[in-house]
Amino acid sequence: MTSAVPGTLAAFLCFFSLTVNVSDATGQETVAKPEKKITEIKIGYLRAYEPQLTLSMLDLPPRDEGVAGAEVAIGDNNTTGKFTNQKFSLDVTEVKPDGDAVQAFEGMIAKGDRYVVADLSAKQLLSIADIARDKGVLIFNVGATDDSLREEDCRINVFHIAPTRSMLADALAQYLMVKKWPNWVLLYGSHEQDHLYADALRRAATRFGGQIVAEKEFKDTGTARRTDTGATQIQQQISVFTQDLPEHDVVLVADESEVFGTYVPYRTWTPRLVAGTAGLVASSWHPASEQWGGIQMQSRFLKTTSRRMLSKDMSAWTAVRAVGEATTRTKGDDAKKISDYIRSDDFSVAAFKGQKLTFRKWNLQLRQPILLGDTKSVVSTSPQEGYLHQVSELDTLGVDQPETKCALK
């Protein structure tokens with residue numbers, strides 16, 4: 001009788017061989033499967049920077065102001081990018097505040113930056129705007145608050161994240177009128193930026209019914225600010241400076257150049273509220289903002305940077321997130337498509353301010369609520385209740401479409 005064992009063994013070996021071959025073939029197919037292509041999106045950050053002196057040591061800006069917000073947003077974009085096969089990177093370049101930005105900007109273009117967050121003066125921004133347009137580069141302004149950049153000097157490739165001086169002044173004026181404090185004294189500095197903010201406050205008074213009952217200019221005599229003055233001398237100087245003012249409700253301060261504004265609260269001749277660049281300040285963000293999920297943003301920023309989030313940090317974060325949102329929605333890295341999308345009705349970006357933010361089509365300024373706060377907390381948010389608009393209440397802040405001088409080109 002013939003044994004069945006050898007036949008069974010042969011069958012088993014045959015089956016094993018087939019199994020191994022199938023496994024090998026499957027493994028080979030897995031290895032050979034092409035990986036998905038990752039699209040790298042390079043975002044530049046061009047900033048005008050040098051250490052600056054402030055009246056209070058507490059107001060000294062951190063070295064990474066703005067840049068830190070952009071870096072946090074890069075991390076947020078890359079979290080989403082893992083699912084959309086996109087990788088975002090940040091390239092930071094610095095120039096002097098009075099330096100030539102063109103060479104630095106052209107160097108960024110050469111490295112492949114097609115989206116540039118700009119923290120520059122108005123003059124520096126204009127010097128690169130047309131070069132950027134011709135090269136197909138989009139600029140996101142997070143530093144310059146000049147209304148002229150959104151009006152007579154507007155460009156179709158420059159999106160403005162930072163609010164304008166007129167938006168800040170309107171936000172403040174609305175609140176003062178709601179509180180029924182309509183009579184104002186205007187104190188302003190002697191530098192150009194001080195005059196521009198004073199102009200914005202005058203415009204806001206006319207627009208919302210406030211009365212500027214007196215104005216005074218504080219001349220910058222070139223002292224060393226903190227070291228040349230003591231508390232007693234400052235107290236006497238500001239008291240005398242405000243001695244001959246008519247009856248008023250609020251002292252408005254326009255001192256962007258940091259010469260005298262910090263010294264005004266609690267030192268005026270008569271006891272009055274102070275607002276503007278000192279006292280109650282209008283800004284795009286506040287380090288104590290907790291509403292609308294703000295505490296989540298604040299906590300994440302603090303954990304990442306070991307400091308509080310400032311207005312410029314939020315503007316830079318919003319700019320980088322706008323690029324991230326647009327590239328995700330357009331499924332690519334085409335600057336023209338991204339520009340068209342950002343300017344469309346479909347685009348919005350969430351920035352922890354209670355509503356989605358959009359760009360004004362007539363001058364590419366980001367619509368946004370403005371926070372009014374002191375050194376400790378958010379006092380209020382504008383637009384104030386009761387200020388209505390046919391399109392968006394946010395358009396009650398700043399230059400509205402019927403007023404614009406912008407012709408995008």
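This is a predicted model: local features need pLDDT of at least 70, side-chain atom pairs count only at pLDDT 80 or more; totals for chains, interfaces and linings use all residues.

Student: At what angle do the axes of α2 and α8 cross?

Tutor: They cross at roughly 105 degrees, and the axes come within 11 Å. To find them, look at residues 67–84 for α2 and 294–305 for α8.

Student: And which residues make the contact?

Tutor: From α2 you have A68, G69, V72 and D76. On the α8 side there are M297, R300, F301, T304 and T305. By class, that contact has four nonpolar, three polar and two charged residues.

Student: OK, new topic. In what order do the strands of the open sheet come?

Tutor: Seven strands form it, running β7-β6-β8-β9-β10-β13-β14, with mixed pairing. At the edges are β7 (211–218) and β14 (378–382), each pairing on one side only.

Student: How much are neighbouring strands turned against each other?

Tutor: By 25 degrees on average, ignoring direction.

Student: Which helix packs on that sheet?

Tutor: That's α6, residues 192–208, and it touches β6, β7, β8 and β9. The direction of α6 makes about 165 degrees with that of β6.

Student: Back to β9 and β10: do they run parallel or antiparallel?

Tutor: Parallel, with two bridges joining β9 (273–276) to β10 (280–283).

Student: What stands opposite A275?

Tutor: L280, in β10.

Terms used
Residues are numbered from 1 along each chain as its sequence is written. Side-chain values use heavy atoms; hydrogens and water are left out. Two strands pair if DSSP finds at least two bridges between them. Helices (H or I, at least four residues) and strands (E, at least two) are DSSP runs, numbered from the N terminus. Axes are lines fitted to C-alpha atoms, for helices over the stretch in contact, and angles run from 0 to 180 degrees between N-to-C directions. Contact means heavy atoms within 4.5 Å. Ala, Val, Leu, Ile, Met, Phe, Trp, Tyr, Cys and Pro count as nonpolar, Asp, Glu, Lys and Arg as charged, and the others, Gly among them, as polar.
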